[in-house]
Amino acid sequence: MNVQVIADGVLYIHVDIKTTELFEGIWPIPQGVSLNTYVVKGDKIALIDLVRDWSDAPKQFEQAFASIGIGFDAVDYLILNHLEPDHTGWLREFREQNPYVEIISTAKGINLVKSFFKINTGLRVVKDGETLDLGKGKVLTFFETPNIHWPETMVTWEAASGTLFSCDAFGSFGALGTKGFDDEFTEAEHAFFEKESLRYYANIVSSFSAFVERGIKKLAGLAITCVAPSHGMVWRKDPQKIIDRYLRYASYAKGPGEKEIALVWGSMYGNTKQGLDAVIYGIEQEGVAYSIHRVPDEDVSYILQDAYKSRGLVLAMPTYEYAMFPPMAWVIDIFRRKHITGKTVLRIGSWGWVGGAKKDYEQAITGLQWNNLESLEWPGVPSQEDLAALEARGRELARIIKEQA
Ligand code: FEO
């Protein structure tokens, strides 16, 4: 059963999405994702966030809702913390089943209700800090938290239970199954969700890290005993753990991350790979941890996850038709869009009849504020001198990463 009790009158419903369809049309979710909604019952009933008509989410949601003995038509208020369609896509269908429900969001959120769903009645704008008294001691307070994840986003606070309904903030990829709370998952499951929360953050939230820090600071005065996001587990045992994790993730956006190196490589006929192996040997001699990702074989979602958290990058690519190897150009474009800044970077690669990747690369990384080691290129197969130089460059990069404060 995907309905759980957070506190008396505060219920948690999650539906698991398992699909080959990409999240936001771009990010793979092979282990699924959960869409979480919440019910707060006083004299009036509020539903916080909704689901999208995606996979069998509406069916799961309807079954879960029926199990708590409340009809959709009994819901007085639908609180929309964030208008991205993963939380609102089923809004018109819900409204058809409950024409009298009042839809509550920020001013920007209500504008999106109108533009996305062409719903123009029964709407209420709430301001930052405004409250909604449901009766029986249940009072909801709304705090604007713009750009976590879209400009209209807010969070909802229920003081009696100390629950923060944080929407995308503190969320994660990964389906939950029959469990929902942090104290229900095993250590191995937590390790899985930690990785998936980093991937979710790097893919979805990283561009807005300054807003994450601002939002957490703004909410610091609340006595939070439960963090209830719209994706992933609910944190009732150790809510500070996910808050601290998000602060750590946000800090990666400013520059140095973990003392690790993410190696991203593509090779047409193995010549660039030979050079990369020499760099790896150099890194290993210095004992610095690294991850390795081949393009185009590996999805950029996973590359972003490791590149975002790592202080060092190695980008290995051949020249392809006078420019960067195209799958690497796509990765670097994503790095640019996701503001993967402040890294220490080594670029290497082989060329055939003529170079060109260097010039293309240097144009592409303008504005990323990377500390670039001198790049190494070679014609065709790397010579013994090339390999020695590549190994030395790998050592140099690893030493810089190790010695950074
Ligand atoms: Fe889960 Fe930004 O939507």
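Reader: Which residues form one aromatic cluster here?
Author: Six names to look for: Phe170, Tyr201, Tyr246, Tyr249, Tyr252 and Tyr308. Keep in mind that this is a predicted model.

Reader: How many aromatic pairs does a search of the whole structure find?
Author: The search finds 26 aromatic pairs. Tyr38 and Phe165 form one of them, with 5.0 Å from centre to centre and 50° between the planes.

Reader: What makes Tyr38 and Phe165 a pair, and why is the pair called tilted?
Author: Two rings pair if their centres lie within 6.5 Å, and here the centres are 5.0 Å apart.

Reader: What does the pair of Tyr38 and Phe165 tie together?
Author: Tyr38 belongs to strand S3 (residues 33-41) and Phe165 to strand S11 (residues 163-167), so the pair links parts that are 127 residues apart in sequence. Tyr38 and Phe165 are both buried.

Reader: Why is the pair of Phe185 and Phe193 called edge-to-face?
Author: Their planes meet at 70°, and over 60 degrees counts as edge-to-face. The ring centres are 5.3 Å apart, which is within the 6.5 Å needed for a pair.

Reader: How do you know whether Phe185 and Phe193 are buried or exposed?
Author: Buried means under 20% relative accessible area. Phe185 has 8%, so Phe185 is buried. Phe193 has 6%, so Phe193 is buried as well.

Reader: And what about Arg199, buried or exposed?
Author: Arg199 has 0% relative accessibility, so Arg199 counts as buried. Arg199 lies in helix H5 (residues 187-205). Leaving aside neighbours within four places in sequence, its contacts include Pro28, Phe173 and Tyr302.

Reader: How do you know that the charged end of Arg52 sits over the ring of Trp54?
Author: The distance to the ring centre is 4.6 Å, within the 6 Å that is asked for. Arg214 likewise lies over the face of Phe211, at 4.8 Å from the ring centre.

Reader: At what angle do helix H6 and helix H7 pack?
Author: H6 (residues 209-218) and H7 (residues 239-252) pack at about 145°, with their axes 8 Å apart. Their crossing is left-handed.

Reader: Which residues of H6 make the contact, and how do the residues of the contact divide?
Author: From H6 come Ser209, Val212, Glu213 and Ile216, while H7 brings residues including Ile243 and Tyr246. The contact divides into 7 nonpolar, 2 polar and 1 charged. Glu213 is one of the contact residues, and Glu counts as charged.

Terms used: Residues numbered from 1 in each chain as written. Predicted model: local features only at pLDDT ≥ 70, side-chain atom pairs only at ≥ 80, totals over all residues. Heavy atoms only, no water. Phe/Tyr/Trp six-rings, centres within 6.5 Å; stacked < 30°, edge-to-face > 60°. Helix = DSSP H or I, 4+ residues; strand = E, 2+ residues; numbered from the N terminus. Buried < 20%, exposed > 50% of the residue type's maximum accessible area, 1.4 Å probe, protein only. Lys NZ or Arg CZ within 6 Å of the ring centre and 35° of its normal. Contact = heavy atoms within 4.5 Å. Axes fitted to C-alpha atoms, helices over the stretch in contact; angles between N-to-C directions. Left-handed = near helix turned anticlockwise from the far one by under 90°.
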